[in-house]
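Please read it alongside the sequence and the structure.

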Amino acid sequence: MKKYTCILFDLDGTLTYSHPGIYGCFRYALQQLGLGEPTMEQLRKCIGPSLMYSFQNYFGFDEETARLATAKYRERYAVEGWAENAPIEGALETLKALKQAGYKLAMATSKPLIYASKISEKFGFSKYFDVEVGSGVDGSFPTKASVIAEVMRRLNVRADECLMVGDRHHDADGAKENGMDCVLLKVGYAENEEEYRIAQPKYLLEDFAQLQTFLL
């Protein structure tokens with residue numbers, strides 16, 4: 001195994017199970033727009049990518065409608081949606097072990113940082129991260145690739161020193177765009193085995209126990 005010095009972590013589906021809040025906010029947004037109930041297939045696809053991407057690609061909205069839907073989603077998320085989640089087994093213990101082993105750690109999420117940082121603090125993740133980067137409600141860092149690039153800039157690290165840890169193809173795609181290796185954990189929201197095959201991550205592991213063994 002090559003020696004990594006910096007490990008980046010996705011949030012939704014990697015460190016936390018966030019679907020109750022996300023599903024509720026998508027339902028709220030569509031309701032506010034006078035639309036029907038989303039299907040479970042649509043909702044499952046929405047965990048991972050940005051809100052604009054989800055509304056445009058999975059609900060067929062044009063850009064203007066997608067922006068309105070995003071604003072409605074965030075109305076509910078800011079009040080209660082952000083807290084409707086739970087940590088994934090082994091996540092906190094792994095962060096602690098990797099930090100003690102001398103790794104630089106970062107959170108790299110497409111979720112707006114104002115909410116991601118609250119979740120990170122709630123579950124005790126934040127004290128192990130050297131930097132936390134998420135998208136901005138002003139439209140900054142709109143893709144996983146841009147989030148990853150910002151982590152590297154802030155920590156002044158090269159792509160070949162880093163490993164992105166995620167659960168979906170968006171994590172693998174963003175890592176590849178930056179020339180970075182990626183490991184996907186089978187703990188999150190990938191739709192099926194086909195998603196892993198298409199994403200082609202450098203590594204595919206079952207859970208945090210395997211990740212600890214791999215890195216330590």
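Buried means under 20% relative accessible area, exposed over 50%, and partly exposed in between. At 28% relative accessibility, Lys 99 therefore counts as partly exposed. The model is predicted.

**Salt bridges**

- The count of salt bridges comes to 19.
- One of them joins the side chains of Asp 130 and Lys 99, at 2.8 Å from N to O. Asp 130 lies in the loop between helix 6 (113-122) and strand 5 (131-135) and Lys 99 in helix 5 (residues 91-100), so this pair ties together parts that are 31 residues apart in sequence.
- Asp 130 has 40% relative accessibility and so counts as partly exposed.
- Lys 45 forms a salt bridge with Glu 41, and the closest N and O atoms are 3.7 Å apart. About one helical turn separates Lys 45 and Glu 41, because they are four residues apart in helix 2 (residues 40-45).
- With a relative accessible area of 22%, Lys 45 is partly exposed.
- Glu 194 and Arg 197 meet through their side chains in a salt bridge of 2.6 Å, N to O. They are three residues apart in helix 9 (residues 193-199), so about one helical turn separates them.
- Glu 194 counts as partly exposed at 37% relative accessibility, whereas Arg 197 is exposed, with a relative accessible area of 53%.

**Aromatic pairs**

- The count of aromatic pairs comes to twelve.
- The rings of Tyr 53 and Tyr 58 have their centres 5.8 Å apart and their planes at 75°, so this pair is edge-to-face.
- Tyr 53 is partly exposed at 34% relative accessibility, while Tyr 58 is buried, with a relative accessible area of 18%.
- Phe 123 and Phe 125 form a tilted pair, with 6.1 Å from centre to centre and 45° between the planes.
- Phe 123 counts as buried at 15% relative accessibility, and Phe 125 is buried with a relative accessible area of 0%.
- A cluster linked by ring pairs contains Phe 26, Phe 55, Phe 59, Phe 61, Tyr 73, Tyr 77 and Tyr 115.

**Asn 85 and its surroundings**

- Asn 85 is in the loop between helix 4 (63-79) and strand 3 (86-87). Its relative accessibility is 13%, so Asn 85 counts as buried.
- A polar atom of the Asn 85 side chain lies 2.4 Å from the backbone oxygen of Trp 82.
- Leaving aside residues up to four places away in sequence, Asn 85 touches Thr 16, Tyr 17, Ser 18, Ile 119, Lys 122 and Phe 123.
- The charged end of Lys 122 sits over the ring of Trp 82, 5.9 Å from the ring centre.

**Strand 1**

- In a regular strand the side chains alternate between the two faces of the sheet.
- Both faces of strand 1 (residues 6-9) are covered, with Cys 6 and Leu 8 buried on one side and Ile 7 and Phe 9 buried on the other.
- Strand 1 runs parallel to strand 4 (residues 104-112), and four bridges join the two. Leu 105 is the bridge partner of Ile 7 in strand 4.
- Strand 1 also pairs with strand 6 (residues 162-166) in the parallel sense, over four bridges. Here Ile 7 stands opposite Leu 163.

Technical notes. Residues numbered from 1 in each chain as written. Predicted model: local features only at pLDDT ≥ 70, side-chain atom pairs only at ≥ 80, totals over all residues. Heavy atoms only, no water. Buried < 20%, exposed > 50% of the residue type's maximum accessible area, 1.4 Å probe, protein only. Polar contact = N/O pair within 3.5 Å; in protein donor to acceptor, adjacent residues only side chain to side chain. Contact = heavy atoms within 4.5 Å. Pairing = 2+ DSSP bridges. Phe/Tyr/Trp six-rings, centres within 6.5 Å; stacked < 30°, edge-to-face > 60°. Lys NZ or Arg CZ within 6 Å of the ring centre and 35° of its normal. Salt bridge = Lys/Arg side-chain N within 4 Å of Asp/Glu carboxyl O.
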